[in-house]
Amino acid sequence: MNSLIKKYEGCYLSSYKCPAGVWTIGYGTTYINGLPVCEGMSITKDRAETLLNKWIENEVMPYISDLNLKGKQLEAIISLVYNVGGPAFKKSKLRQAIINKDFEAVCREWDFGFKSKLKGIYKRRVEELFFFISEI
């Protein structure tokens, strides 16, 4: 359920600065045990997997579990919320469109990141939306 996250985040076992200038490690992890990732940190692949799964469980699922999504729709929303954050998704028009099963509005509101100058964000959003609408 996290192939999109893995594809677009990649797995880095040594800390690096992401395009936003934030120290990051693993699959886009910026905090470990409540502390920010720092320069010079390293982790194992297993630890990266654990951090990803814990973040999804604790910081993504609480914002989407009531949507009762399955399959590719669930994977698309997990990827989106992992990337934009639960609070942003919770107050979005997209969330309400999903609840209302208003798929025209879902397509219109799936715009997180389109204002970004990063081509990878644009590609990620398009693929997430494709995953989501492929099962309507």
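## Aromatic pairs

Across the whole structure, a search finds two aromatic pairs, a pair being two rings of Phe, Tyr or Trp (for Trp, its six-membered ring) whose centres lie within 6.5 Å, with planes under 30 degrees apart counted as stacked, over 60 as edge-to-face and the rest as tilted. Tyr-12 and Tyr-16 make a tilted pair, with 4.6 Å from centre to centre and 50° between the planes. Tyr-12 is partly exposed at 41% relative accessibility, and Tyr-16 is also partly exposed, at 21%; here buried means under 20% relative accessible area, exposed over 50% and partly exposed in between, with a 1.4 Å probe and protein chains only.

Trp-110 and Phe-132 form a tilted pair too, 5.4 Å centre to centre and with 50° between the planes. This pair links distant parts of the chain, 22 residues apart, since Trp-110 belongs to the loop between helix H6 (103-109) and helix H7 (119-133), while Phe-132 lies in helix H7; helices (H or I, at least four residues) and strands (E, at least two) are DSSP runs, numbered from the N terminus. Trp-110 is buried at 1% relative accessibility, and Phe-132 is likewise buried at 1%.

## Basis of the model

This is a predicted model, in which local features need pLDDT of at least 70 and side-chain atom pairs count only at pLDDT 80 or more, whereas totals for chains, interfaces and linings use all residues. Residues are numbered from 1 along each chain as its sequence is written, and side-chain values use heavy atoms, with hydrogens and water left out.

## Charged side chains

Eight salt bridges are counted, each being a side-chain nitrogen of Lys or Arg within 4 Å of a carboxyl oxygen of Asp or Glu. One of them joins Glu-49 to Lys-6, at 3.0 Å from N to O; because Glu-49 lies in helix H2 (residues 45-64) and Lys-6 in helix H1 (residues 3-9), this pair ties together parts that are 43 residues apart in sequence. Lys-6 is partly exposed, at 28% relative accessibility. Another salt bridge is formed by Glu-127 and Lys-7, with the closest N and O atoms 2.8 Å apart. Glu-127 is in helix H7 and Lys-7 in helix H1, so this pair ties together parts that are 120 residues apart in sequence. Lys-7 itself is exposed, with a relative accessible area of 52%.

Within helix H7, Arg-125 and Glu-128 are three residues apart, about one turn of the helix, and they form a salt bridge whose closest N and O atoms are 2.9 Å apart.

## Nonpolar core

The largest nonpolar core has 32 residues, and those with the most contacts inside it are Ile-64, Ile-77, Phe-89, Ile-98, Val-106, Trp-110 and Phe-132. Such a core is a set of buried Ala, Val, Leu, Ile, Met, Phe, Trp, Tyr and Cys residues joined through side-chain atoms within 4.5 Å. At least two residues of this core come from each of H1, H2, helix H3 (71-84), helix H5 (93-99), H6 and H7, and H3 gives the most, with seven residues.

When neighbours within four places in sequence are left aside, Trp-110 is in contact (heavy atoms within 4.5 Å) with Ala-76, Ile-77, Leu-80, Leu-94, Arg-125, Glu-128, Leu-129 and Phe-132.

## Cysteines and positive phi angles

The count of disulfides is zero, with a disulfide taken as a pair of cysteine sulfur atoms within 2.5 Å. For Cys-38, the nearest cysteine sulfur is that of Cys-18, 14 Å away. Cys-38 is partly exposed, with a relative accessible area of 40%, and Cys-107 is partly exposed at 37%.

Asn-33, in the loop between strand S3 (31-32) and strand S4 (35-36), has a phi near 55°, a positive value in a residue other than glycine, and is exposed at 69% relative accessibility. Asn-68, in the loop between H2 and H3, also has a positive phi near 55° and is exposed, with a relative accessible area of 62%.
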